[in-house]
Amino acid sequence: MRLYDYFRSSAAYRVRIALNLKGVAPDERTFVHLRMGGQRAQDYLALNPQGLVPALALDEGAVLTQSLAIVEYLDETHPEPPLLPADPIGRARVRAIALSIACDIHPLDNLRVLNYLIGTLGVAREQKDGWYKYWVDVGFEALEKKLAQERETGVFCHGNEPTLADVCLVPQIANARRFGIDLSPYPTLTRIEAACLALPAFAAAAPERQPDAE
Ligand SMILES: N[C@@H](CCC(=O)N[C@@H](CS)C(=O)NCC(=O)O)C(=O)O
C-alpha cells in the first residue's frame, strides 16, 4: 500500500497513528506538499478529486480517501488492537468524539478555508487567527466538559486503551499547539494527549518525526 501523506496534515496524522497502532507499515509513502499546492496537482487529483490528504492506495487498486474511512478500513482488516469498543453504545460514543473533532472542528480550520478567508475575503491575518482560535475553543470546550464528566473516560478518551477518538484528538491538539492556542482550559484533553504520546505508535506519528518535516 502507498500512503499519500504530509507531515503537518492532521488528517494524515490520524492515519499514521492508526497504521502504527496496527503495526502496519505502508510499502511506499508519497509526500504531498500542501503549502506548495501538491494537493491540486493533476496526478494527485486523479487519485483524490477532493484534493485533500491523506489517501491510501491499496495493492488491489482501490484508492481510499477520508481519514476516518481509512482508519475504519484498517480496523476491519487488522482487528488487533481494536480501535472501536465491542459494545454499540461504546462505539457510538467513540465515533461521536472522533466526529466532533473531524467534522466540527477540523474542516473550519483547514488550510483551504484559512486561505479563502485571507486570499478571497481579504480578512486580516489577526482576524484569520481569531477565527482559528474561536472554532478550536468552541470544539474543545464542549469536548473537555464531556470527557471530564463522563465515567467512560479513562486513561484515554474511552477507557484504558486508545481508540479512534484518541486518533483524532492528538493531531487536533498538535495543530492547536502549532497555532499557539492556550490549552490550559483543557486539562482532561491534555492529560489524555500526554497518555497517548507516551505510546510509541502515537509518538512516531508526530509531524516532526516524519521524513518530509521542515
Ligand atoms: N475529512 C478529510 C479532511 C482531509 C483534509 O482536510 N486534509 C487537509 C490536511 S489536514 C488537506 O489536505 N488540506 C489541503 C487544503 O486545504 O488545500 C479527512 O478526514 O481525510
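A residue counts as buried under 20% relative accessible area, as exposed over 50%, and as partly exposed in between, with a 1.4 Å probe and protein chains only. At 61% relative accessibility, Asp-43 is therefore exposed. The model is predicted, so local features need pLDDT of at least 70 and side-chain atom pairs count only at pLDDT 80 or more, while totals for chains, interfaces and linings use all residues. Residues are numbered from 1 along each chain as its sequence is written, and side-chain values use heavy atoms, leaving out hydrogens and water.

**Two residues**

- Asp-43 lies in helix 2 (residues 42-47); helices (H or I, at least four residues) and strands (E, at least two) are DSSP runs numbered from the N terminus.
- Between the C-alpha atoms of Asp-43 and Glu-152 there are 44 Å, and the two residues are 109 apart along the chain.
- Lys-22 belongs to helix 1 and is buried, with a relative accessible area of 10%.
- Leaving out residues up to four places away in sequence, Lys-22 touches Leu-74, Asp-75, His-78, Pro-79, Glu-80, Pro-81, Pro-82 and Leu-83, where contact means heavy atoms within 4.5 Å.

- Four strands form an open sheet of mixed pairing, in the order 2-1-3-4; two strands pair if DSSP finds at least two bridges between them.
- Strand 2 (28-31) and strand 4 (63-65) are the edge strands, each pairing on one side only.
- From one strand to the next the twist averages 20°.
- Strand 1 (residues 2-5) pairs with strand 2 in the parallel sense over four bridges, and Leu-3 stands opposite Arg-29 in strand 2.

**Helices across the sheet**

- Helix 1 (residues 10-22) lies across strand 1 and strand 2, at about 145° to strand 1; axes are lines fitted to C-alpha atoms, for helices over the stretch in contact, and angles run from 0 to 180 degrees between N-to-C directions.
- Helix 3 (residues 67-77) lies across strand 3 (55-57) and strand 4, running at about 120° to strand 4.

**Helix 1 with helix 3**

- The axes of helix 1 and helix 3 come within 9 Å and cross at roughly 10°.
- Helix 1 and helix 3 are therefore roughly parallel; angles under 35 degrees count as roughly parallel, over 145 as roughly antiparallel, 65 to 115 as roughly perpendicular and the rest as oblique.
- Ala-11, Arg-14, Val-15, Ala-18, Leu-19 and Lys-22 of helix 1 meet Ser-67, Leu-68, Ile-70, Val-71, Leu-74 and Asp-75 of helix 3.
- The residues of this contact divide into eight nonpolar, one polar and three charged, with Ala, Val, Leu, Ile, Met, Phe, Trp, Tyr, Cys and Pro taken as nonpolar, Asp, Glu, Lys and Arg as charged, and the others, Gly among them, as polar.

- Helix 7 (residues 164-178) packs against helix 8 (residues 187-197) at about 110°, with axes 10 Å apart, which makes the two roughly perpendicular.
- Asp-166, Leu-169, Val-170, Ile-173 and Arg-177 of helix 7 make the contact with Leu-189, Thr-190, Ile-192, Glu-193, Cys-196 and Leu-197 of helix 8.
- By class, the contact of helix 7 with helix 8 has seven nonpolar, one polar and three charged residues.
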